[in-house]
Amino acid sequence: MLGRNLVEELETEELTALSSRDADLRDALQVQKAIRASRPDWIILSAAYTDVDGCESNRQLAFAVNCEGPAHVAEEARNAGSRVMFLSTDYVFDGTKGAPYEANDPRNPINVYGETKARAEQRLLELLPEVCIVRTSWLYGHGGKCFPTTILKLAATKPEISVVNDQRGSPTFTVDLAKCLGQLCRKGARGIVHATNSGDCTWYDLATELVKTSGLPTRVKPVTTAEFPRPARRPHYSVLSATTLNAYGIQMPEWKDAVRRYLVGTRPS
Ligand SMILES: NC(=O)c1ccc[n+]([C@@H]2O[C@H](COP(=O)([O-])OP(=O)(O)OC[C@H]3O[C@@H](n4cnc5c(N)ncnc54)[C@H](OP(=O)(O)O)[C@@H]3O)[C@@H](O)[C@H]2O)c1
C-alpha cells in the first residue's frame, strides 16, 4: 500500500522499486543481489509482514520477515554505503502512557507484530548507527485492504455497523506519508522519527467520519475492544508525538483533511 505511493511520490528520482518477487527479505542472498545491482543512496524498507493478527499464529514467519529481513538489508546497505529508512509502528508501545509517545519513550510491545518491529529497530540501530526509523500508525490508502475499504464495503450494505471506541491513534494516509518520507530522505534524516497525520481519534470516530463524508445513511455504533476480541492485543492509546518530525520542519496534514482527500481520490497541493 505505502510502496505504491512511494513510487508515485519519488517518480522524479532515480528509483528502483522492488516487490517480494524481486527479493524475499528472508533470503540474505536475494537481498544482497538486489542491493548490489543498484547501490542506492537510500533504501526505503516499507515491506513487512503486516497482518497483525496473523503474526500471533505465525510468530516464526513474523520474526523472519520483520526482523531478520531488515537485518539482511542493513548488513548489505553497510557494504554498499546506502542509507536505510525503516518503517516501524506505534505498536512498539503498550498504550498505557495516556499522552503522545515521544521517540525515546521505552518500547513495550503487547503483540507479536510489535515485538518484531521493536526488535528490528534495536538491531538496525546497532548495525547502522545512521539508520532512520520512521514510526507511523493506522495506515490506509488506495493500494490495498485497509480499515476504510472494510468500513465502506460494510456501510454500503448494512444499516448499522459496530466499531471499537476505546483504541485511540492517528490514522495516516499513505499519500501524505510517502510525501513526508521523500522529504525526510532529502533532509538526510537519522534516528527515530514519528510521522502520522496530525490529530487523533478512535476507530469509531474514523468510521463515523468515513460514513458521514461518503453521505451513507449507515449508523455507526460505538463498542468496546472487549466486545470485539481479536487474536492480537492492541494498545488502547498509541498517539505519536510530532516533535521529531517538526524538528525537520515537516508538518503533516490533519487526519480529517486526509480522509476527505482519500475519499475524493485527490492529492495534497
Ligand atoms: N498498515 C498499517 O496500518 C501500518 C501501521 C504502522 C506501520 N506500518 C508499516 O508500514 C510499512 C508499509 O505498510 P503497508 O500497510 O503499506 O504494507 P502492505 O500493504 O501490507 O505491504 C507489505 C509489502 O511487503 C511485502 N512483503 C511481505 N513479505 C515479504 C518478504 N518476505 N520479502 C519481501 N517483501 C515482502 C508484500 O509483498 P507481497 O504482497 O508480494 O507478499 C507487500 O508488498 C510496513 O513496514 C508496516 O509494518 C503499517
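The model is predicted: local features need pLDDT of at least 70 and side-chain atom pairs count only at pLDDT 80 or more, whereas totals for chains, interfaces and linings use all residues. Residues are numbered from 1 along each chain as its sequence is written, and side-chain values use heavy atoms, with hydrogens and water left out.

A backbone N or O atom of Met 1 is 2.8 Å from a ligand oxygen atom, and an N or O atom in the side chain of Tyr 113 is 2.6 Å from a ligand oxygen atom. Met 1 and Tyr 113, together with Leu 2, Ser 20 and Thr 50, come nearest of the 20 residues around the ligand, where a residue is near a molecule or strand if one of its heavy atoms lies within 4 Å of it.

By class, the shell has 11 nonpolar, six polar and three charged residues; Ala, Val, Leu, Ile, Met, Phe, Trp, Tyr, Cys and Pro count as nonpolar, Asp, Glu, Lys and Arg as charged, and the others, Gly among them, as polar. At least two shell residues each are supplied by β2 (83-89) and α5 (112-127), and β2 gives the largest share, three residues. Helices (H or I, at least four residues) and strands (E, at least two) are DSSP runs numbered from the N terminus.

The axes of α1 (residues 2-9) and α7 (residues 174-186) come within 8 Å and cross at roughly 55°; axes are lines fitted to C-alpha atoms, for helices over the stretch in contact, and angles run from 0 to 180 degrees between N-to-C directions. The two helices α1 and α7 are therefore oblique to each other (under 35 degrees counts as roughly parallel, over 145 as roughly antiparallel, 65 to 115 as roughly perpendicular and the rest as oblique).

Two non-glycine residues have positive phi: Arg 39, at about 40°, in the loop between α2 (28-38) and β1 (42-45), and Trp 138, at about 45°, in the loop between β3 (132-136) and β4 (139-140).

Note on methods: Polar contact = N/O pair within 3.5 Å; in protein donor to acceptor, adjacent residues only side chain to side chain.
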